[in-house]
Every structure is written in C-alpha cells, then in structure tokens.
Amino acid sequence: MIKHTMIKYSAIKSTVQLILLASVFLIANQFNAQAADIVKLDRIVAVVDQTVITEQELESRIATVTAQFKKQGTELPEESVLRKQILERLITDTLQIQYAAQIGLKVDDNQLDKTVERIADQNNLTLTEFSEALAKDGISMRKFRADIRNEITVARLREREVDGRVNVSESEIDNYLTSQSSLNENTDEFEISHILIRTPEEGATEDIQKAKAKVDEAVSQLNSGVSFAKVSASFSDAPNALEGGSLGWKKGSQMPALFLDALKNMQADEVSAPLRSPNGFHLLKLTNKRGGNSPLVIQQTHARHILIKITEVMSDKEAETKINTIKERLDNGEKFEVLARQFSEDSTASNGGDLNWVNPGDTVPPFENAMNALKDGQISAPVRSQFGWHIIQVMERRSQDMSKESARLKARQEIRARKADEAYQDWIRELRDRAYVELRLEDKF
C-alpha cells in the first residue's frame, strides 16, 4: 500500500514538472515572437544640471534642422558632426531656460497665444489652418507652442541679462564719429558669414594647437569646394553655426577692427585667412558689399508712459495687478497725465509721464516694440520690461532728416549692437562653464 502511494506521487510530480517546463517554453516562444515588436525606450543623452536631454528630443531637433537644410538647398554635414552641434545647441538652450526658471522669468499663456496668432497671421492662415499645416510637417501645435515659449523666454533673458546692461559712453560715440569721419567707413556695408573656432580664455598650448588644427581642416574643406554653410555647421562654435554662419548685412562700425581690416581688401565670395582674437580663430566669407550714402532719416515718437516698478517690496504679480487697475481707469475715461502723476514711479511722473521725442533705440526692446505697434493717440495694454510694468501712449510721430543728434544716435545703436553681441557670447560661455554637463552619447561622436 505504501509502495503504490509512492509510485502514484512520483507520477504526479513528473506530470507537474512537464507542465511547468511546457509553460516555460511557451512563454519563451511568445517572448521571442514579440521581441521584434519591442519599441526602443527613450534614453538620456545629456545631463544638464538638474535637467536631462533625451534621445527623442535630440532626434526631433535633428529632423527639424535637416528639413531646414534641405529647404534651403544647403548640404548637410556628416551625421556625427550634426548630432554633436545640435546637442550642444540643446544644452545651451536648456541652460538658458533653467536660468530663466531660477530667476522667475516666465511667459504667460496670453502672451504666447498672441505670438502664435501673429505667426499664423503672417502666414495668411487661421489658427486651425496653421495647426493643420504644422501637422503635415509632423509638428504638433503643443510642441510648436512649447518651442515658441522657449524662444520668447530666451529673448527676454538676453534683454535682462545682457542687452539691458550694455552701456555706451559719450566718449565711445565721439571716438566712433572721429574714426568714421576720417576713414569714411560708415559708407560701406558688408554681407558676411562667420565661422568661429573657440579657444579658452587662458587656454593651454595644447588647446590652442587643437583649435588651430580644427581651423586648418575647415580651410582645407573650403579650398576643396565644400560650401561655407556646411563647413560652418560642421566646425563652427558660434550660435548660428547651423544657419550657415550668416550674419547678414553689417556696417563696418558694427564689427571689430580685426574683421573690418580683413573685409576691406576682400572681393565678393572670398573667404578670409584665419583671424586670431582672444575668443579663438575666425573665418569670414564676404557675400556682398555696398555703399551706405543714403541720407539717414529716422522716425521719432512723442510718447508718455506710466511705470510701476518691481522691487523687493512690490512683487511682479502685485505690480501687474496695480498696472491692470490703472489701465481699467484709463479705459473708463480718466486722464492719462493725471494717473501718471498719481501712480507712475518714473522720473517723468511730474510731467504726466511725458517722454518727449523718443528715438529708435532710446528705450528697451519690449517698450520700443509695444510703442511702435501703437497708432497715434492709442494706449497700450500693460507691457513688461526689466524695469517693471508700463502703460504707453503715443501722442504723435515725425520723421527727422540726418543731423548731429541723429548721427550720434546711429553711432550709439551700432556700438551698442556690437557690444551686446559680444557680451551675449561671453555670458553664454560663462553659463556653460559653470554648469554641470554630462554627455551620454560621446561614443557616437
């Protein structure tokens, strides 16, 4: 009886093992059959401080840039080079967006909506038609809005951190006018493209040698017939590398003396020899050249404004609420000059906010852009600048022929543009240098 029971138990045990074994084989076969259908998960390609950049983000940006290159008829650089350039651009963008978040710089949905509507209108499309056009290009409206929000944020960040802090002294203007008068270089304008091979400010000999080898290779490719745009995308460390390095039309006064000295002796479509500056090595391509003898005529705007400053005591939100209340009172018929005297925190308050005649470049970009969009007599919606919240009214406009004052204004604008661009490049480099950046795709480069 005992022996029979043991045999029966062994048979049952063997049967169970066979069933389990069969189940294992079945599961394995099912796994193998489905393995071909497994979708690769997104992965991290770079760590930027507390944020990560994913491979999906990188591939999406590569697809966008590739489409732009093809549309422009520009030859693409090698894939590995393109990936490296675009990843570096993503890192720079991410650092700026992170910094903007740290200092509380935000773009509200209302501003974003208006910007998207304006872009659609510029393309002669309704919002629905514009969304459909984006979808045909494989871009969702959600992603487009996110990209536009980031672009506005970066632009405002530059205004706050760089443009708003660039000062031009009267002595700089005097020196500019003297040099331009003697050399008569203000009559020349240059359409140029630029390649920058950056070197550290206090780079070791080895770093400089690597940069020199890189610029020599760029020159070699240019001499062999490779387009300047492709070489720029492949080698340049400048922010506009993927746009072919184009700087558009520049006056001689807007460029460093190093560039101007080289360009004066160049012909159209010629590329300069490598130029050495504290920032690194430069290559310039002269696309075209023209004289600038047309008279300077500027449009002046007679405007007034009300300013509510943002301070440690007055937060951004509180200032916005206060300026909105003032706007409501203006909409209900109260006089601008009365409310300016009562509430404005600008030195013009005692004059009813009157700024007198304003020249282009006299005010910060957000203020000037809003002012330029107004008709005579029209009052703006609240406008945000680095100084606080403004309400602007345009009284009248006039055109002025060239004069000593306008010549100085032109000089100030050109010097300021040059200094702002240099300061922005330095600021970006500092932002990059003090950040923690870990690349996870180095094996692909």
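**View 1. The second largest pocket of the predicted model.** The second largest pocket has a volume of about 1,400 Å³. A pocket is an open set of points on a 1 Å grid over the protein atoms alone, where a 1.4 Å probe fits, with protein on both sides within 12 Å along at least five of seven lines. Grid points are joined across faces, edges and corners, and the volume is the space filled by probe spheres set on the points. This is a predicted model, in which local features need pLDDT of at least 70, side-chain atom pairs count only at pLDDT 80 or more, and totals for chains, interfaces and linings use all residues. Residues are numbered from 1 along each chain as its sequence is written, and side-chain values use heavy atoms, without hydrogens and water.

**View 2. The lining of the second largest pocket.** Helix α6 gives the largest share, seven residues. Elements supplying at least two lining residues each include α4 (109–122), α11 (316–331) and β11 (388–400). Helices (H or I, at least four residues) and strands (E, at least two) are DSSP runs, numbered from the N terminus.

View 3. Strands β1 (residues 44–48) and β2 (residues 51–54) run antiparallel and are joined by four bridges; strands pair if DSSP finds at least two bridges between them. Val47 stands opposite Val52 in β2. Two residues separate the strands of the hairpin, and Asp49 in the turn has a positive phi of about 55 degrees.

Key: 1 Å grid on protein atoms, 1.4 Å probe; cavity = no way out; pocket = protein on both sides within 12 Å on 5 of 7 lines; lining within 4 Å.
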